[in-house]
Amino acid sequence: MIAKIMTNEWTLLAREWATYIALPIYAVFLAYGVANGTAWKSFLQENVAEAKALANEGFEKKLDKIDKIIAGEEHSFSEDPRVAGPLARYKGYEFATKPPLPTAAIAIGQSDVAPSYLKVQWRPMFKQQNVDEIENPENLAAGAFDLSFVLIYLFPLLIIALSYNMLSAERESGTQVLLLSQPVPVHKFVLAKILLRGGLVIGLAVGISIIGLLISNPDMLAPSSLWRVGALAVILVLYGLFWFGVATAVNAMGQKSATNALVMMASWIFLVLIAPAVLNLAAKSFYPLPSRIEMVQAMRLGDEQAAKESGFERAYRADLLRKSEEAALEASVNDFYLKVLPLEKQAEAIASPIFEKFESRKKQQQNFAENLKYLSPAAITQIAISELANHSAANFNDFNEQVAQYHEEWRNYFFQPVMENRKLSRAEVVNIPRFTYEPESDGVVAGRIFGNVVALFLFAAAVIWFGFTQLRRYSPAKR
Amino acid sequence: MIWRIAQKELLETIRDGRFVWTGVVVFVLFITAIGVGAQRYSEDRALRQVAEQEDRELWLNQGDKGPHSAGHYGVYAFKPATPLAFFDPGFNDYTGTLQYLEAHRENQASYKPATDATALQRFGDLSGAMVLQLLTPLLIFLLCFGMIAGEREDGTLRQLMSMGVPKMKLVWGKAAGAGLALGVVLIPCIFVSAVLAALFIQGDGDPHTMVDFPAKLAVIVLVYLVFFASLAALALSVSIRARSSAAALTALIGFWIVAGLLIPRMSADVSKLMYDTPSAFELADTIQKGREAGPRAHEPNHPNHIAFKKKVLEEYGVDDVDDLPFSFVGLAFQADEELGFKVFDETFGGIRRTFEKQNRVRQFFGLFSPFVAVKTLSSALSGTDVHYANDFSKAGESYRRNMVTILNEDIKQNATGMTQYSAEWGYRANKSLWEKVPPFDFDPPGIQTILGRNMFSIFVLFLWLTGGFGLLYMSAKRVDSQL
Amino acid sequence: MTEYQTISNIRQPRPDEKGAGRTAAATKEALIKAVSLRKDYDGHLALKGLDLQIAPGEIYCLLGANGAGKSTTINLFLDFIKPTSGQAFINGFDVQEHSTETKKFLAYIPEIVMLYRNLTGLENLRYFSGLAGHDHYTDADLRSFLNEAGLPKDAPDRRVGGYSKGMRQKVGIAIALAKQAKVLLLDEPTSGLDPKASNEFSELLLKLSQEGVSILMATHDLFRAKETGTRVGIMRHGELVDDLFTEDIGHADLERLYLEHMHD
C-alpha cells in the first residue's frame with residue numbers, strides 16, 4: 001500500500017514544474033559545497049607542505065653551514081649555527097603542522113580561523129609571531145559556502161519546502177476527504193510521503209555529498225576515512241528525519257498550509273539561527289575569556305618584574321672592546337643567554353596565573369558549548385560534521401596541546417647546552433626533535449561523534465513519535 | 001482615510017498572536033544582545049584604558065638603555081572601539097585586537113577573538129545588529145505578506161473596492177499601518193537600548209571614541225529606517241501581485257533566504273575568485289627578500305653592510321666612519337628601517353588594497369541584496385568594519401615609523417664615533433628620549449570619511465528604497481486586478 | 001501504529017467481501033447504524049444523540065438547514081471526527097474502533113469531488129481503487145466504470161485540471177462503483193449539477209440500491225429526495241425531528257412538513 005502511495009506521490013511530484021527547479025539547484029549547491037571544501041583542503045595541504053618545507057630548509061641550511069665550518073671555512077661568531085642560544089631562540093625553528101585528513105573537504109569548520117601550522121621556537125607560543133594565514137575579515141565573517149553549510153542550513157529548507165503542506169495541501173485542495181474515505185489510515189499516507197520525499201532529498205544529500213567527496217578526494221577510499229563517510233551518511237539521515245518529524249508534527253495539527261509554512265520557518269530560524277547564536281552568547285557571558293589585552297600586559301609586567309627582581313642588565317663589556325668587536329659581541333651574547341633564560345622562566349611564572357585562567361576558562365567555555373549544543377540539532381550536526389573533517393574546536397585543541405608539548409620538548413632539548421654556554425655538536429643539531437602530528441585516534445573521534453549521533457537520533461525519534469501520535473487525532477473535516 | 005486604514009491595520013496586527021509573539025521574541029533578543037554587548041563594551045574599554053596607561057608607564061620607565069634596544073622593547077597599540085560597536089560588533093571577531101609596534105618589522109593586529117571561540121561562533125553572534133538585519137526583515141514580511149493577498153482571499157478587498165476606497169490610499173494606509181506596527185516593536189527596543197547605553201557608556205567623555213557620535217547615530221538610524229521601508233514596500237508589492245497570501249509568503253521567505261543567507265556567502269567566494277588573497281608564505285618570502293637587500297644594520301661583516309658604508313663614505317667624502325659628523329650606526333639602522341617601510345608598504349599595503357577590492361566586489365552584490373548594503377553601512381558607522389581595522393593598523397604603523405625614526409636619530413646624533421657594538425650596547429639613552437615618543441593615539445574615522453568610503457552602499461540602499469516604492473506605486477494600480 | 005495492528009487482528013471474522021452485500025440484503029440487517037450518536041464542539045451540540053438504521057437497498061435522504069448536523073453525521077460515519085458519545089456502525093463494525101476496516105465497505109462522495117489536477121481521470125480512478133485494495137482492475141475495467149458513471153468517452157485520458165465540476169463528480173461515482181461499496185455516504189452530491197446530470201445521478205443511485213447498497217445522502221433537494229429516496233429524515237439543531245418513508249407522503253406534503261419543522 002505504501003509503495004502504491006509513493007508511486008502516486010512520485011507521479012504528482014514529477015508533474016510539478018517546481019521540482020525541476022528546486023532539485024537541480026539543490027544538487028548544484030551540494031556539488032558546489034563539495035568543490036569548495038575540496039579546494040580548501042588542497043589549500044591547507046599546500047600551506048602545510050610549504051611550512052614543513054620551510055622548516056626542513058632551515059635545518060638543512062644550518063647543517064650545510066656546520067659541515068662547511070667543520071671543514072674549516074672562515075666564519076664570524078654570529079654565522080655559526082651551532083651556538084645553542086641563538087639556535088634555540090630565533091635562528092632555529094620548527095613548523096608544527098596539522099596536515100588535513102583525507103576527509104577535510106567535508107567541512108571547513110574552525111580551520112579558517114585556527115591555524116593549521118605554528119612556528120615553534122624558544123619563546124612562549126603565546127608570544128610567537130605566527131605566519132597567520134591572511135584572510136579578509138569580511139570573508140571570514142560571511143562564512144564559507146562549504147558542504148556543511150549546504151547540509152546544515154539549506155538541506156532542512158528544502159525539506160521544509162517539500163513537506164510543510166504534506167497534509168494541509170491535500171486538505172485544502174479537497175482530495176483528502178476522498179483519500180481518507182479509503183481503507184488506508186492517515187499515518188500510512190504520511191509515512192509514504194516522508195519515505196518518498198525523504199528518500200529523494202536525503203538520498204540526494206547523501207548521494208551527491210558522498211559520491212562527490214569520493215570522486216574529488218580519492219584518498220578517502222581507505223577504511224580510516226570510510227567510517228567517517230558512513231558516519232556522515234548516518235548524521236545526514238538523522239538530521240533529515242528530524243526535519244521530516246517536525247513537518248509531520250506541524251501537519252498533524254491540522255492548520256492551514258500558510259500557517260504550517262510559518263511555523264516550520266519559525267522552527268528553522270529558531271533552531272538554526274537563533275538558538276546557536278544565543279548559546280554562543282551564553283557561553284561567552286558565563287565563561288568570559290580573559291582578554292588578550294590582559295594577557296599581553298601580564299606578560300610584559302612579568303618581564304618587567306622579573307628583570308627588576310634579578311637586577312638583569314645586558315652587560316656592556318667595555319673591557320672586551322680592546323680585543324675586537326667580534327670577541328666583544330660573542331662575550332656579550334653568551335652572557336646574555338646565560339642570564340636571560342632563568343629570567344624568562346621567572347617572568348613566565350609571574351604571568352602564568354592569567355594564562356592558566358585563560359586555558360581553564362576556554363575549556364569551561366568549550367565544555368559548556370559542548371553540553372548546550374544538545375539544545376539544537378543544527379549545532380549538534382555542525383559540530384559532528386566538523387569532527388568528521390578533523391576541523392572541530394576539539395580537534396584544534398588537541399593539535400595545540402600537541403604543539404605545546406613539543407614546545408616543552410624543544411626547550412628541554414636546548415636548556416642544558418644554553419646554560420653550559422656551548423656549541424651543539426653536528427649530531428645534536430641533526431637530532432633536534434621534530435614535530436609530527438598525531439590525529440586523534442578513530443576511537444576517540446568516533447566516541448564523541450557517537451554522542452552526537454545518539455542525540456540526533458533522540459531528537460528525530462522524539463519529533464517523529466510526537467508527530468505520529470498527533471496524527472491519531474487528525475481530522476480531514478473542517479470543523 | 002489613510003490614517004483610518006493604518007489604524008485598522010495596527011489594530012488587526014496587534015490582535016494577531018503570531019505578530020505579538022514574534023514581536024516579543026525580537027524585543028527580548030534585541031534587549032539581551034544590547035545588554036550583553038554594552039556590558040562587554042564597557043569591560044573592554046576599562047581593560048584597554050588600563051592597559052594603555054600601563055604600557056605607556058612601562059615605556060617611559062624602561063630605564064636607561066640603548067635606543068635600539070628600546071625599539072625592540074616596543075609598544076603595544078590597543079584597538080579602541082566606538083560606542084556603537086556594542087550594537088554592531090561587525091567584523092570585530094575576525095580582526096585583530098592589538099598590534100605590537102617594534103623595530104624592524106610591521107606587525108599586523110593579532111588575536112582575532114574568533115580563534116578562541118567555540119564552534120558555535122560560526123552560527124554568528126547574537127547582536128543588536130543581527131536582530132535588526134536578519135530577524136526584523138522577517139517580522140516585516142510576516143506583517144505585510146497578507147495585507148492585500150489576505151484581504152483578497154477573505155473577500156474584504158472586494159468589499160473595500162466596492163465602497164470606492166482609492167487604491168493608492170489603501171496601499172499607503174497599509175504601508176503606514178505596517179510602519180506603526182513595526183514602531184510598536186522597535187520603539188521600545190530603541191528606548192531600552194538607549195537607557196542601557198546611557199548606563200554603560202556613562203562617563204565616556206573620550207573625545208576619540210566619540211568622534212562624530214551624534215552624526216553617526218543619526219545616520220545609522222536613517223540607514224535602518226531606509227532598509228526597513230524598502231523591505232516593507234517590497235513585501236506589500238509582493239502581497240498585491242501574488243496569487244495568494246501563501247504564494248506571497250513563500251516568495252518573501254525565498255527572498256530572505258537568497259538575499260540574507262546565500263548572496264553574502266557567495267559574494268565572499270566571488271570576491272576571492274576575482275582578487276586572489278596572497279598566501280602568507282608568499283608574503284613572508286617577499287618581505288624577507290626585500291629586507292635582505294638592505295644594509296644589514298646588525299651585521300657589520302655582511303657585504304651589504306660594507307657596500308652601504310662605502311657609499312656613505314663616498315657621499316660625505318671621508319675615509320672613515322669616525323670622520324662622519326654623525327653616528328654611522330644610527331644612519332644604518334634608519335636606512336634599514338626605511339627600506340623596510342617601502343617593503344611593508346608594498347606587501348601589507350598590497351593586502352589592504354586587495355581587501356578593499358574584494359570588499360568593493362562584495363558591496364556590488366548589494367544590488368541583489370539590501371542585506372549586504374546595510375551590513376556594510378552599519379558596521380562602517382559602528383567602527384567595526386575592515387576599513388576601521390585597517391585605519392587602526394595604519395595608525396599603528398605610522399606611529400611605529402615615527403618611533404624608530406626618533407630612536408635612530410638619537411643614536412645618529414649621540415653615538416658619534418662609536419663602534420657598532422658600543423653604539424648598540426654601550427650608549428644609553430634615558431627617559432627624556434622615551435618622552436619624545438608621544439603616546440599612541442588613534443582617531444576613529446569621522447562621519448565624512450565613512451560616508452565617502454561607502455558611497456556605493458549608500459547609493460545601493462537608495463536604489464532599493466526608490467525601487468521598492470516604485471514597485472509599490474506600480475503595483476498599487478493592480479490591487480483590484482485579481483478580484 | 002497500534003491502532004492499525006488491532007484492526008488487522010480483527011480482520012479474521014470479516015465476512016467475504018463480495019458475497020457480503022447480498023447476504024446482508026437478504027437478512028435485511030442494517031448496514032448503516034447510529035446508536036445515540038452525539039457530537040459536542042466545545043459546548044456547541046452539533047448532534048444530539050442520533051439513532052438511525054439503514055437497511056440494504058435503502059436510500060436515506062437527510063434534509064435540513066445548513067448547520068443542522070447533516071455533514072456532522074456523515075463525518076462521524078467516516079470517522080473523520082470522533083463522537084462525544086454513542087457509536088456509529090458500518091456493516092456491523094464500530095467505525096471508531098475499526099476505522100480502516102469500515103472504509104472497505106463504504107464509498108463517499110462529497111459535495112465537490114476534488115481530484116489530483118495533474119493526473120488524468122483514469123489515473124485518479126486507478127489510484128483510488130488501488131488504495132481501496134482493488135489492484136486487479138485492468139484499464140478496460142476502469143474505463144467501463146467511468147463510462148458507467150457517465151463520463152464522456154474522450155475524458156479519461158485528459159488531466160483532471162480541465163474537468164468541470166460535473167465530470168469530477170462522475171469520476172467520484174466511478175470510484176464508488178469500482179470499490180463495489182455496500183454503503184454510500186453522499187454529502188449534497190447533486191448541488192451545483194445541471195438537471196440532466198442530476199437525473200443521471202439519481203438513476204445510478206436507484207440501480208445501486210437495487211443491488212442492495214445502503215445509501216445515506218445529505219441533500220437540500222426535496223424533489224430529488226422524494227423521487228429517489230426510500231426514506232427521508234429531517235434534521236434540525238442536531239436532532240432528527242422526523243423520519244418517514246417517501247412512499248407514505250406526497251411531494252407537496254413533504255415540502256410543507258419540512259417548512260413546518262424549519263419554522264420558528
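Colleague: Which residue meets the side chain of Arg15(A) in a salt bridge?
Modeller: A word on the source: this is a predicted model, where local features need pLDDT of at least 70, side-chain atom pairs count only at pLDDT 80 or more, and totals for chains, interfaces and linings use all residues. Residues are numbered from 1 along each chain as its sequence is written, chains are lettered from A and ligands numbered from 1 in the order in which they are written, and side-chain values use heavy atoms, leaving out hydrogens and water. A salt bridge here is a side-chain nitrogen of Lys or Arg within 4 Å of a carboxyl oxygen of Asp or Glu. At 2.8 Å, N to O, the partner of Arg15(A) is Glu123(C).

Colleague: Which chains have the most contacts between them?
Modeller: Contact means heavy atoms within 4.5 Å. Chain B and chain C have none, their closest C-alpha atoms lying 17 Å apart. Of the two pairs that touch, the one with the most contacts is chains A and B.

Colleague: Good to know! What area is buried between chain A and chain B?
Modeller: The contact draws 86 residues from chain A and 82 residues from chain B. Buried area is the accessible area (1.4 Å probe) that two parts lose on being put together, summed over both. Carbon and sulfur atoms give 64% of a total of about 7800 Å².

Colleague: Which residue does Arg300(A) meet in a salt bridge?
Modeller: Side chains of opposite charge can pair when their charged atoms come close. Across the interface of chain A and chain B the rule finds five salt bridges. One pair, 3.0 Å from N to O, joins the side chain of Arg300(A) to that of Asp55(B).

Colleague: And what area is buried between chain C and chain A?
Modeller: Here 33 residues of chain C and 29 residues of chain A take part in the contact. The rule finds two salt bridges across this interface. With 62% given by carbon and sulfur atoms, the buried area is about 3000 Å².

Colleague: Which three residues supply 23% of the area that chain C buries against chain A?
Modeller: Their share is more than that of any other three residues. They are Phe80(C), Tyr116(C) and Leu131(C).

Colleague: Back within chain A, how many residues apart are Glu94(A) and Lys52(A)?
Modeller: These two form a salt bridge with closest N and O atoms 3.5 Å apart. Helices (H or I, at least four residues) and strands (E, at least two) are DSSP runs, numbered from the N terminus. Glu94(A) sits in strand 1 (residues 94-97) and Lys52(A) in helix 2 (residues 17-70), so the pair links distant parts of the chain. Along chain A they are separated by 42 residues.

Colleague: Last one: how many salt bridges does the structure hold over all chains?
Modeller: The pairs above, including Arg15(A) with Glu123(C) and Glu94(A) with Lys52(A), are examples. Over all chains the structure holds 55.
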